[in-house]
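Here are a few exercises to work through with the model open on your screen. Try each task before reading its solution.

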Amino acid sequence: MEKNKTQVEEINRNIYDIKNKDDYDFKIKKGLTKEIINEISDQKKDPDWMREFRLKALEVYNKLELPTWGPDLSELNMNEIATYVRPKSKLNTSWEDVPEDIKNTFDKLGIPEAEKTSLAGVGAQYDSEVVYHSMKEDLIKQGVIYTDMETAVREYPELVKEHFMKCVPVYDHKFVALHGAVWSGGSFVYVPKNVKVDIPLQSYFRLNSPESGQFEHTLIIVEEGASLHFIEGCSAPKYNKVNLHAGCVELYVKDNAYLRYSTIENWSKNMLNLNTKKAIVGKNAKMDWVSGSFGSKISMLYPMSILNGEGSKTEFTGISFAGKGQNLDNGFKVIHNAKNTSSVINAKSISKNGGTCTYRSLVRINENAKNSKCSVSCESLMLDDISKSDTIPVNDIRTDEVEFSHEAKIGKISDKAIFYLMSRGLSEEDAKAMIVRGFAYPISKELPLEYAVEMNNLINLELEGAIG
Amino acid sequence: MPDLKLNETPVRTARNFNCNNIVLKDLKIPENYKAFNNIEIDIDNSKIDLEEEISSSKLTYGLGDLLEEQAMKSPNKKIKLNIKGKSNKESIISFNFNEENKNLIDNIEIIAEENSKANIFIKYSFSNSTACKNANCENIMCEKGKNSEKLNNSYENYYHNGIIRLFAKANSSIKLTVVNLLNEVSQNFLSIENNLQENANLDFCIVDFGGKNSITNYYTNLEGEASKNNLNAIYLGKDEQVFDLNYIGALRGKKSVMNIEVQGALNGKSKKNFKGTLDFKRGAKKAKGDENEFCMLLSDTAKSLALPMLLCEEEDVEGNHSTAAGKLGGKELFYIMSRGFNKKEAMKLIVRAKFNKILDTISKEDLKNEILKEIDNRLN
């Protein structure tokens, strides 16, 4: 008799799929030309240096090729994408002032509630502009800056000029160049020397407008001895045509500082998520990444730590969950560029219903990174035989004074593990549920509580029979 | 000669990771070469045919069109073996480069008939030259009595481009060992392609020491149910040698098994790119694959690049891989040196010990001893 397969349900997207009317204040015409870039600059009242920067980035974009590897991006047609959509709202510091329909969306996503209960500050972006930003008073008094990028460009021009797209230069790849040309919105965080921000800050990015792109820029500077936990969430309702997300995150973690950057990415399944994230880590500083990737039709996302300071450390903990029609090509990159640096990478993926998960990574330990250590572990769980799971890690070791190890596993839920748990009195269903939750646990325990709950809901088991 | 891109991986990754292929600049590919005559062949239980037409079908992966065409269309040595019956005898094909035989373009096809068994060694080495520049050294390749100037002059730049193809029919059991003991200024290119039918068992061993560039593409198609391939490989680099090793196993048959075990050591400014792929195809239920690579870095200028890939489109499989790289263990070195060995000797002992697990699979004692001596010579 054929066994029924256990069904692992995908996330209930009812909340995320709420569509508001595409009711914008301004939507730029589709396409990507010099005129359009100038128009974006006009609309955003850019200073001259930023206008020039955008135009230069457009030139780089036109010169660079699409990646010759990874998922097929042929369906992306920039002539069909509007790169700037200004919502009918100015930047507010009170939720009451946010227009009703936008506020309702964020209410349903639980953002204001989270602010009240567990966050030190919140930013909310709707389409191309930030509509809400606020932070607790005591942090303001300590000199912490948490604002939208446009305000930062105007009010902290020197800080922004010194750091903006220096960590992620526009020639890194084609979509970074695109981002440089059309970026809009995002968050700017500055944590002064020795200030510890104990409660997380969170930015939430929502793309409502169909056939459009979101290109927010996040720039975080954590000064010497300071610490911060930053949470990023993103979602969009599903449309029939392709939407594009090409954000950019630049993180500067100065000497002895600590930054934890958590992301729950839950874009709709018509989204191409071609995001870039990079951190430069100073002496004895630590950069932790926690990443949950659940949405998007195609995702190409490889956060990167550059360990430039002696004794710097980084840790990456990530999970991808690919369901029907999804191709999640995610991973991590680390460059060891100084003595006594260390990195720990722990990546997991679950593929089901014809979804494809790829773990793609680079570990490079340079000649000058004597006495460095790196440990990589990746595990992939296949829940049926129509899905796909690939592991493509590159390990580039250029000195002998290292300890490097990499291990990876792929397969289904072990019959032995089920048997063992059943011998301890668990039913087959409970045993399997425990194993799948256990598989995701190392990641979910790193997430903020409300996201961990969201993830557990996501891996909602509907147990009917053997997972095998 | 324009830059030559060779040995493409089955799946590409980012270009700036530098591992999708290897690019050789200014490679001189010989165009006019005579027949290669310095060969010893001692084959048991098989029909050997040097004239019979051998397969001309394109390789699934291979090193690239240019080298593949050369080896297919204009080899200077073709060998076809038809293995019938069972034999435990060690068979050997030995190609020995010398001043008269500097270029070898070989195309070898082995057909292992159903229920056959064989143990075959293919060796590429050189004579009349030396791997060192000192006439008094103990290098087994040195011709004693020759003065050092003469020996240096005979330090030839040999060229080898070969294809080895094995078709293992049902229930056949083949041991195949390929040993590359060329010098460090030669060019060594080798494409290996195996097709395994039901219950076929292949134990393949590669010893890869020679070549300024040693580029190997190894592909096994585990087509048959319960077919099995163990691939054991060792590499040893010195000076500015570059190894590009692209080992691929496609598991198609139910309960098929592929194990890849690679041990290597890099000295001087040598560099290694190891690309190992276990590709579980849909339908390969209960297939298992394991892949381990360990690289010992013997100098702080050696470089190790590893890309251990797992590709999977079947749920009911088990796939594992691990790679590691690092300096020789400080404790091991200290212990051996405390017993009166100097650092170089201690290093040799450790390298030999790490390689032993794989070398022990080589049943031909004289060849195994030759390899052990080569390890010592090359680590001098």
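Domain bounds here come from an automatic or database domain assignment. Keep in mind that this is a predicted model.

**Exercise 1.** Find how far apart the C-alpha centres of domain 1 and domain 2 of chain A lie.

*Solution.* Start with the bounds: in chain A, domain 1 covers 16–412 and domain 2 covers 413–468.

**Exercise 2.** Describe how helix α9 (residues 415–423) and helix α10 (residues 428–444) of chain A cross.

*Solution.* Two packed helices are described by the angle and the distance between their axes. For α9(A) and α10(A), the axes come within 9 Å and the crossing angle is roughly 125 degrees. Angles from 65 to 115 degrees count as roughly perpendicular and those over 145 as roughly antiparallel, so α9(A) and α10(A) are oblique to each other. The crossing of α9(A) past α10(A) is right-handed.

Now look at the contact. From α9(A) come A:Ala417, A:Ile418, A:Leu421 and A:Met422, which meet A:Glu428, A:Ala431, A:Lys432, A:Met434 and A:Ile435 of α10(A). Sorted by type, the contact residues are seven nonpolar, two charged and no polar.

**Exercise 3.** Trace the pairing of strand β18 (residues 288–297) of chain B with strand β16 (residues 257–266) of chain B and with strand β20 (residues 318–327) of chain B.

*Solution.* Begin with β16(B): it pairs with β18(B) in the parallel sense over 10 bridges, and B:Asn259 stands opposite B:Asp290 of β18(B). Then move to β20(B), which runs parallel to β18(B) and is joined to it by 10 bridges. There, B:Phe294 has B:Ala324 of β20(B) as its bridge partner.

Technical notes: Residues numbered from 1 in each chain as written. Chains lettered and ligands numbered in written order. Predicted model: local features only at pLDDT ≥ 70, side-chain atom pairs only at ≥ 80, totals over all residues. Heavy atoms only, no water. Pairing = 2+ DSSP bridges. Helix = DSSP H or I, 4+ residues; strand = E, 2+ residues; numbered from the N terminus. Axes fitted to C-alpha atoms, helices over the stretch in contact; angles between N-to-C directions. Parallel < 35°, antiparallel > 145°, perpendicular 65-115°, else oblique. Left-handed = near helix turned anticlockwise from the far one by under 90°. Contact = heavy atoms within 4.5 Å. Nonpolar A, V, L, I, M, F, W, Y, C, P; charged D, E, K, R; others polar.
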